[in-house]
Amino acid sequence: MKILVLGAAGMVGRKLVERLVRNHHLGGRVITALRLHDVVMPSAPAGMPFAVTCEESDFARTGEAERLISDRPDVIFHLAAIVSGEAEADFDKGYRINLDGTRMLFDAIRQVGDGYYPRVVFTSSIAAFGAPFPDAIGDEFLNAPLTSYGTQKVIGELLLADYTRRGIFDGIGIRLPTICVRPGAPNKAASGFFSNICREPLAGKEAVLPVSEDVRHWHASPRSAVQFLVHAAAIDGAMVGPRRNLTMPGLSCTVGEQIAALRRVGGEKVVARIRREPDAFIQRVVAGWPRNFDPQRALSLGFRAEATFDEILRVHIEDELGGVIS
């Protein structure tokens with residue numbers, strides 16, 4: 001099996017690659033080659049048990065998608081995107097990468113023809129939904145995003161479903177919760193503070209909280225995000241049916257509940273490192289985000305996530321901090 005990972009240098013992409021290398025197989029099939037791509041050079045984990053190619057380029061450039069699928073990968077993980085805050089700040093860049101790049105990729109697969117029929121796993125977002133919200137967003141709720149990023153993702157979902165309906169590829173779209181706790185440095189995502197107020201204090205650093213503690217949001221760990229991707233790559237498309245985009249499971253909690261979990265797991269000294277500093281822009285963006293879901297379709301298909309924020313914190317401590325809190 002040959003696999004292409006677009007967005008392989010990002011946090012979720014790196015963790016997905018590590019998982020694929022560790023398992024050596026996907027959906028019962030042995031992995032024979034892995035192609036990693038991003039706008040910055042991705043790196044391959046040590047001890048690769050199969051052939052690996054690492055590439056750096058702009059995947060939304062004309063002709064690039066055709067080149068990237070030239071060896072006909074069996075599975076394509078499409079994680080390439082610019083994040084919510086950047087897509088909102090730079091209208092043209094957001095549409096060029098998140099929409100035009102996706103359309104170019106899908107159409108490059110169509111142009112191959114000749115029986116080529118890969119599984120395409122597309123990472124969408126809960127930004128696909130916009131207010132006003134019910135208490136919990138179910139599988140029948142309207143896709144009406146209130147940001148450019150969410151709009152770009154919804155269009156990608158529609159393209160994925162239509163190209164799958166036309167028999168061009170076998171697509172599965174997964175709407176990811178906000179991934180928390182994200183390791184590494186803060187990024188330009190408007191949701192970054194959800195991770196910052198946990199990651200930095202657990203590492204002995206100060207963090208800024210730009211919103212009130214009653215803000216509620218939908219979360220899952222990086223470990224769960226990777227499992228979503230792996231499961232989506234291997235699931236029987238007939239079980240999914242024609243509605244190919246799924247809201248992933250997660251955990252709904254307030255910022256105050258996050259901090260309470262941080263206190264239970266790390267103690268008062270960790271919580272004391274959070275500094276309140278309201279940010280009107282972040283507050284406006286967050287006000288339009290969904291807060292809670294009832295993802296019955298995904299649960300019935302075997303997707304799973306954490307049940308408590310304490311679990312999410314412990315995943316971060318185990319996977320990123322070696323079990324040690326500063």
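Two residues are said to be in contact when heavy atoms of each lie within 4.5 Å. The model under discussion is predicted.

On this basis, E157 touches F122, S124, A128, N143, R175 and N245, leaving out residues up to four places away in sequence. E157 belongs to helix 5, which spans residues 148-165. Its relative accessible area is 3%, so E157 counts as buried, the limit being under 20%.

The largest nonpolar core comprises 38 residues, and I3, V5, L26, L34, F77, I174 and F303 touch the most other members. At least two residues of this core come from each of strand 1 (2-6), helix 1 (11-23), strand 4 (33-38), strand 6 (75-78), strand 8 (170-176) and helix 7 (222-234). Helix 7 makes the greatest contribution to this core, with seven residues. With neighbours within four places in sequence set aside, F77 is in contact with I3, L4, V5, L6, L16, L20, L26, V121, L229 and A233. A second, separate core has 30 residues, among them C180, V285, W289 and F309.

The structure contains zero disulfides. C198 takes part in none, and the nearest cysteine sulfur, belonging to C180, is 4.7 Å away.

| Residue | Relative accessible area | Class |
|---|---|---|
| E157 | 3% | buried |
| C54 | 27% | partly exposed |
| C198 | 0% | buried |

Key: Residues numbered from 1 in each chain as written. Predicted model: local features only at pLDDT ≥ 70, side-chain atom pairs only at ≥ 80, totals over all residues. Heavy atoms only, no water. Helix = DSSP H or I, 4+ residues; strand = E, 2+ residues; numbered from the N terminus. Buried < 20%, exposed > 50% of the residue type's maximum accessible area, 1.4 Å probe, protein only. Core = buried A, V, L, I, M, F, W, Y, C linked by side-chain atoms within 4.5 Å. Disulfide = S-S within 2.5 Å.
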